[in-house]
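Here are some friendly notes to read alongside the model.

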Amino acid sequence: MTNSEIKATLSFSDGSPSLEMPIYKGTVGPDVIDIRKLYATTGMFTYDPGFMSTAACNSSITYIDGDKGELLYRGYPIEQLAVNGGDFLETCYLLLNGELPNAAEKEKFVATVTNHTMVHEQMQFFFRGFRRDAHPMSVLVGTVGALASFYHDSLDINDPHHREVSAIRLIAKMPTLVAMAYKYSIGQPFVYPRNDLSYSANFMHMMFSTPCAPYKTNEVLVRALDRILILHADHEQNASTSTVRLAGSSGANPFACIAAGIACLWGPAHGGANEAALSMLEEIGSVDHIPEFIRQVKDKNSGVKLMGFGHRVYKNYDPRAKLMRETCYEVLQELGLQDDPLFKLAMALEKIALEDEYFVSRKLYPNVDFYSGIVQRALGIPTSLFTGIFALARTVGWIAQWKEMISDPEQKIGRPRQLFVGSQTREVQPIEKR
Ligand code: CMC
């Protein structure tokens with residue numbers, strides 16, 4: 001972050017003294033105006049619900065150019081990472097450490113993560129406290145938060161070694177917890193991790209093996225899952241990442257912060273969109289019903305949205321959606337499902353929406369969730385677990401952002417202010433007089 005020679009001047013029409021504010025330049029992307037002295041100098045706050053124009057931190061992890069439809073992790077385009085960048089654990093290493101690993105670093109990192117895949121045996125009792133039909137996201141909020149009660153030896157957020165160990169534990173144990181949530185929901189025994197398998201192959205083993213039948217690894221499907229994880233690994237200061245940072249700004253431990261991120265991700269406007277997009281396709285049912293559905297989407301009173309479309313930052317095709325569409329095709333091909341009616345419906349819906357004035361004028365394009373549901377369904381993952389897979393992938397992004405925040409000398413407890421529009425001071429009346 002460097003100082004710009006240009007300064008911003010805020011002037012007032014009532015003749016109050018104007019205020020000069022510094023402007024900082026990042027390496028790429030919009031400059032920022034430093035308003036930190038605004039309140040002390042003028043007694044006023046800025047008003048920005050939804051943070052439409054607010055940079056709440058500086059970060060060197062992920063960059064999005066929404067107009068170009070570009071996503072970079074530590075400077076590397078997502079397309080290159082997804083196609084030539086190795087597996088998900090290489091992306092994890094990159095997000096956490098800033099550089100792609102060489103062969104020796106990769107081997108050490110994989111060994112370290114693999115060493116932490118099991119969860120404490122007591123964890124199963126947390127699962128058993130839930131109803132079998134509990135939503136996996138509620139189970140994950142609870143069980144990830146519960147990890148804090150098992151790892152007292154890595155909770156000192158001021159100790160870099162503790163932070164590192166917690167980060168590895170979270171990345172290593174998330175697949176185990178997500179698979180346990182699934183197994184519990186269908187009444188099958190939990191399956192222990194296998195450390196001879198890759199991160200994604202092990203996850204599929206824990207999901208789909210039973211004590212009587214081992215899961216046979218299919219490289220195309222493992223690669224597809226790995227790509228889902230890479231594409232969802234981080235996304236700059238989105239709602240759940242900002243939640244993790246805000247929770248962490250109070251000094252809360254990393255397991256509690258990630259549990260807060262999972263809670264935020266659950267919402268249908270965020271991580272819940274992949275589940276909602278697939279349900280939407282199932283409800284539409286056939287290509288003939290698309291025009292009526294589009295009519296409802298355009299009717300503001302209907303409350304219907306085209307799920308998997310639109311994004312706060314991307315005003316162009318989400319680069320992740322392109323890769324996901326490609327993966328969708330490969331997976332369906334591998335499984336002999338090329339004629340999958342939902343995939344055909346999704347492609348027809350996308351084509352119609354991309355030509356429609358409503359979507360064109362609002363710059364609404366498919367986002368990553370438009371196709372990820374179809375891929376996950378083909379992999380055998382139930383709809384209710386889609387957001388859990390997103391949480392599993394995003395854990396590395398959350399923890400990398402959390403670590404960056406803790407090490408930032410400018411970090412303060414997050415404490416937004418408000419424009420108060422409620423009652424002024426008034427007297428409490430005894431109940432008989434109210
Ligand atoms: N279907 C129909 N209309 C839409 C949609 C949509 N999916 N998204 C935005 N619009 C309209 C919106 O009604 C508004 O119209 P108008 O200007 O006439 O009032 C205009 O487009 C601008 O939308 P907005 O709500 O101001 O945009 P936002 O930045 O606040 O919302 C969003 C972004 C992702 C919440 C929204 O596009 C949405 O709800 N999309 C569907 C849910 C979804 O797919 N979410 C996944 C996001 S990607 C994964 C992730 O990062 O979590």
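**Notes on the model**

1. Let me start with a loop: Phe-51 is found between helix H1 (38-42) and S4. Helices here are DSSP runs of H or I with at least four residues, strands are E runs of at least two, and both are numbered from the N terminus. The phi of Phe-51 is near 50 degrees, a positive value in a residue other than glycine. Most residues other than glycine have a negative phi. Phe-51 counts as exposed because its relative accessibility is 54% (buried is under 20% relative accessible area, exposed over 50%, partly exposed in between, with a 1.4 Å probe and protein chains only).

2. A word on the basis of these notes. This is a predicted model, in which local features need pLDDT of at least 70 and side-chain atom pairs count only at pLDDT 80 or more, while totals for chains, interfaces and linings use all residues. Residues are numbered from 1 along each chain as its sequence is written, and side-chain values use heavy atoms, with hydrogens and water left out.

3. Please look at Glu-236 as well, which has a positive phi of about 60 degrees although it is not a glycine. Glu-236 sits in the loop between helix H9 (219-231) and helix H10 (239-249). With 23% relative accessibility, Glu-236 counts as partly exposed.

4. Now the sheets. Six bridges join strand S1 (residues 2-10) to strand S2 (residues 19-25), and Asn-3 has Tyr-24 in S2 as its bridge partner. S2 is joined to strand S3 (residues 32-33) by two bridges. Across that pair, Tyr-24 stands opposite Val-32, and Ile-23 has Ile-33 as its bridge partner. The hairpin of S2 and S3 has six residues between the strands, and Gly-29 there takes a positive phi near 95 degrees.

5. Another open sheet of three strands has the order S4-S5-S6, again with antiparallel pairing. Strand S4 (62-65) and strand S6 (76-77) are its edges, each pairing on one side only. Two bridges join strand S5 (residues 70-73) to S6, and the partner of Tyr-73 in S6 is Tyr-76.

6. The side chain of His-162 reaches the backbone oxygen of Asp-153 at 3.3 Å. Leaving aside neighbours within four places in sequence, His-162 is in contact (heavy atoms within 4.5 Å) with Asp-153, Ser-154, Leu-155 and Asp-156.

7. Which residues come nearest to the ligand? Of the 19 residues around the ligand (a heavy atom within 4 Å), they are His-270, Lys-300, Leu-306, Gly-308 and Arg-312. The shell divides into eight nonpolar, six polar and five charged residues (Ala, Val, Leu, Ile, Met, Phe, Trp, Tyr, Cys and Pro count as nonpolar, Asp, Glu, Lys and Arg as charged, and the others, Gly among them, as polar).

8. Finally, some atom pairs at the ligand. A polar side-chain atom of Lys-305 lies 2.9 Å from a ligand oxygen atom, and a polar backbone atom of Gly-308 is 2.8 Å from an oxygen atom of the ligand. For Tyr-358, a polar side-chain atom lies 2.9 Å from a nitrogen atom of the ligand. Taken alone the ligand exposes 930 Å², of which the protein buries 74% (Shrake-Rupley method, 1.4 Å probe).

How values were computed. A polar contact is a pair of N or O atoms within 3.5 Å; within protein, one must be able to donate a hydrogen and the other to accept it, and residues adjacent in sequence count only if both atoms are side-chain atoms. Two strands pair if DSSP finds at least two bridges between them.
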